[in-house]
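Trainee: I would like to learn how to read aromatic pairs in a model. Can we work through one together?

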Amino acid sequence: MHTERLAYIETFGCQMNERDSEIMAQLLAQESYVRTTEISLADVVVVNTCSIRDKAEQKVYSLLGRVRMLKEDKPGLVVAVTGCVAQQEGRKIIDRMPFVDLVVGPQHIYELPDLVIQATHGHRVAVEQSKAFVIPPFLPAMESGSPYKRFVTIMQGCNNFCTYCVVPFTRGREISRSFGDIIAEVNHLAANGIKEVTLIGQNVNSYGLDQDPATRKTFPELLRAVAEIDGITRLRFTTSNPKDLSQALMDCFADLPKLCGHFHLPVQSGSNDVLKRMNRKYTIETYLEKVAGLRRARPDIALTTDIIVGFPGESEADFEATMQLVETVRYHAAFSFKYSDRPHAKSTEFPDKVDEEVKIDRLARLQKRLQEIVEERNREYEGRNLEIMVESSGPNRDGQWAGRAGSNHVVNFTGAGTFVPGQLVTVHIEHACSHSLRGHLVG
Ligand code: SAH
Ligand code: SF4
Ligand code: F3S
């Protein structure tokens, strides 16, 4: 008798991994694996890993510890490690962890169903060597996943080699998807009721640069083409390195009403010395010019960022420059991290590592000030009308619906009527909370 087989997929890390997990779920569904949220029931466990910081990698190993015990009770369980740790460690995982059957790098996820069959026959395989790789055309399943918003991968990898970063080693060189495949995917999503798409890649500004110069499209051209697609009402993208932020991209914010007024522009440090040693290839002066350009193109644009504290050699003066920068830009939100050494990353070899206590102290000082600024920023929305995309399928106990502004703020609102997720409504903001806004429906 054919019994239902279950697959459990745990996702760590960024949107690239989130999208890859959806793709793997869909590929396994074609082999009649149903996705479960109960790991103990699974026949296949996929751990889709992230290696960006030491802490991220530690979380992976702690989950793998649990999986090892599960496998002791269920020897037929197929265990696959995918994502960035898989690429980074490769075969070593198979050698060190006898309970792991498959190690699958990010460029090999489309082979997962075949590999799972091999594993059920007792073969243990590691595939992480990237040959010449073309991202295959792939249309998302509509039965699972969000009914109104989706990620669309437009490219893989990164050529920038920021000295602290593992991504160029785990995701390889930049490879763009074909323009036609991306447009076909967004058309498919739109035809199935999707309203918002986020174009994702580690470095979207470089979209197309690896393709044939005669026919390639640039990232701004891609944005304009996607904005033309009927049914898509909102367009977002992430992430882009400030060094490649072009005037053509800024112009998109002036010209494309569908393009949401939010830009994640990771700065990493406010010190030019530190930026130089990070190999970021921009200075604070050019960064601030780009901030000004974006604000000219879209005066109410919300800017968010990533910041690393305690990069090797970061002095108190360097850190103060970062504190000064956040006063200058006044970010709408920010992610901040303590620097950690990563395998293959150049800065791992740099002298003058910053003491852990100093990093902890700087991170706390920075986060305190960032949060104050975020709350000041949130209060600027009080009294304004914002266009909100409804995200909840019903009101909560207090009668509030949840949605999101173009700026990416979560907005809770009251109002008579029934709304559907993905619908756009206008909300008058009454009150700013520390992490969200509150208001009522207009009209
Ligand atoms: N492609 C994105 C970055 C993705 S990694 C970009 O270039 O903007 C997300 C963030 O993790 C980075 O922006 C950086 O702030 C942080 N990060 C990366 N490597 C790190 C490390 N070794 N230690 C601490 N934080 C790190
Ligand atoms: Fe890492 Fe820099 Fe590439 Fe971003 S741009 S993924 S930080 S190497
Ligand atoms: Fe992590 Fe890899 Fe993304 S290291 S942040 S999962 S590209």
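Mentor: Let us start with the count. This structure, a predicted model, holds twelve aromatic pairs.

Trainee: How is a pair of aromatic rings described?

Mentor: Two values do it: the distance of the centres and the angle of the planes. Now take phenylalanine 311 and tyrosine 339. Their centres are 5.5 Å apart, and their planes stand at 80 degrees. Planes over 60 degrees apart count as edge-to-face, so this pair is edge-to-face.

Trainee: Where in the chain do phenylalanine 311 and tyrosine 339 sit?

Mentor: In distant parts, 28 residues apart. Phenylalanine 311 is in the loop between β13 (302–309) and α12 (316–329). Tyrosine 339 is in the loop between β14 (333–338) and α13 (356–379).

Trainee: Is phenylalanine 311 buried or exposed? And tyrosine 339, buried or exposed?

Mentor: Use the cut-off: buried means under 20% relative accessible area. Phenylalanine 311 has 0%, so it is buried. Tyrosine 339 has 4%, so it is buried.

Trainee: What lies over the face of tyrosine 33?

Mentor: Arginine 5 does, at 4.3 Å from the ring centre. In another case, lysine 217 has its charged end over the ring of phenylalanine 179, 5.3 Å from the centre.

Trainee: Now the strands. In which order do the five strands close into a barrel?

Mentor: The order is β15-β16-β17-β19-β18, with mixed pairing. On average, neighbouring strands of this sheet are turned by 50 degrees against each other, direction ignored. Look at β15 (residues 385–390) and β16 (residues 401–405): they run antiparallel, joined by three bridges. Valine 390 has glycine 403 in β16 as its bridge partner.

Technical notes. Residues numbered from 1 in each chain as written. Chains lettered and ligands numbered in written order. Predicted model: local features only at pLDDT ≥ 70, side-chain atom pairs only at ≥ 80, totals over all residues. Heavy atoms only, no water. Pairing = 2+ DSSP bridges. Helix = DSSP H or I, 4+ residues; strand = E, 2+ residues; numbered from the N terminus. Axes fitted to C-alpha atoms, helices over the stretch in contact; angles between N-to-C directions. Phe/Tyr/Trp six-rings, centres within 6.5 Å; stacked < 30°, edge-to-face > 60°. Buried < 20%, exposed > 50% of the residue type's maximum accessible area, 1.4 Å probe, protein only. Lys NZ or Arg CZ within 6 Å of the ring centre and 35° of its normal.
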